[in-house]
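Reader: Could we go through this structure together?

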Amino acid sequence: MTPTIPERGLKIGEAARVLGVETYVLRFWETQFPFLKPKHTRTKHRFYQERDVAVLRVIKRLLHDEGFTIAGANKHIKEFGIDALMTGKPAAKHAAAAPSPESVAPAEVSAGDGNARRVLNEVRRDLETIHKILED
């Protein structure tokens with residue numbers, strides 16, 4: 001359930017609560033993602049509009065759920081476009097370049113496009129743990 005965003009927008013604390021992150025995270029993301037530009041009042045208070053919150057949800061998903069680095073998330077957003085990522089649809093220029101299911105390994109297909117990076121990161125962590133155990 002998505003809370004209704006007032007016409008004035010959400011203050012940074014309100015937006016942080018909606019997204020489940022701390023306020024300093026939102027301030028940091030503003031410095032790292034140049035397209036994230038909430039409205040600022042004359043007194044420098046931030047107000048996040050509905051689109052800003054949607055953009056923040058995409059950023060959070062890429063960083064927290066899919067395991068992208070900030071640089072990787074920026075590259076991914078530039079590649080596919082923030083609007084396409086907000087709607088969950090790949091950009092048209094990249095949809096044609098997507099591999100067919102037959103050309104992708106079964107493990108990759110079952111992981112799904114959105115979860116592939118997360119799954120690979122989990123496998124990597126498991127392999128690193130096994131490597132440490134074998135070294136001891």
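Reader: What are we looking at?
Author: This is a predicted model, in which local features need pLDDT of at least 70 and side-chain atom pairs count only at pLDDT 80 or more, while totals for chains, interfaces and linings use all residues. Residues are numbered from 1 along each chain as its sequence is written, and side-chain values use heavy atoms, with hydrogens and water left out.

Reader: What does the chain average in pLDDT?
Author: The average is 79, and 78% of the residues score at least 70; pLDDT is the predictor's confidence in each residue, from 0 to 100.

Reader: Where does pLDDT stay under 50?
Author: That is the case over residues 91-111. Where pLDDT is low, the predicted coordinates should not be read in detail.

Reader: What is the strand order in the open sheet?
Author: The order of the three strands is 1-3-2, with antiparallel pairing. Strands (E, at least two residues) and helices (H or I, at least four) are DSSP runs, numbered from the N terminus, and two strands pair if DSSP finds at least two bridges between them.

Reader: Which residue is the bridge partner of His40 in strand 3?
Author: Arg46 is the partner of His40 there.

Reader: Which residues of helix 3 are buried?
Author: Among them are Val53, Leu56, Ile59 and Leu63, where buried means under 20% relative accessible area (1.4 Å probe, protein chains only).

Reader: What follows helix 3?
Author: Gly67 follows helix 3, with a positive phi near 75 degrees.

Notes:
Contact means heavy atoms within 4.5 Å. Buried means under 20% relative accessible area, exposed over 50%, partly exposed in between (1.4 Å probe, protein chains only).
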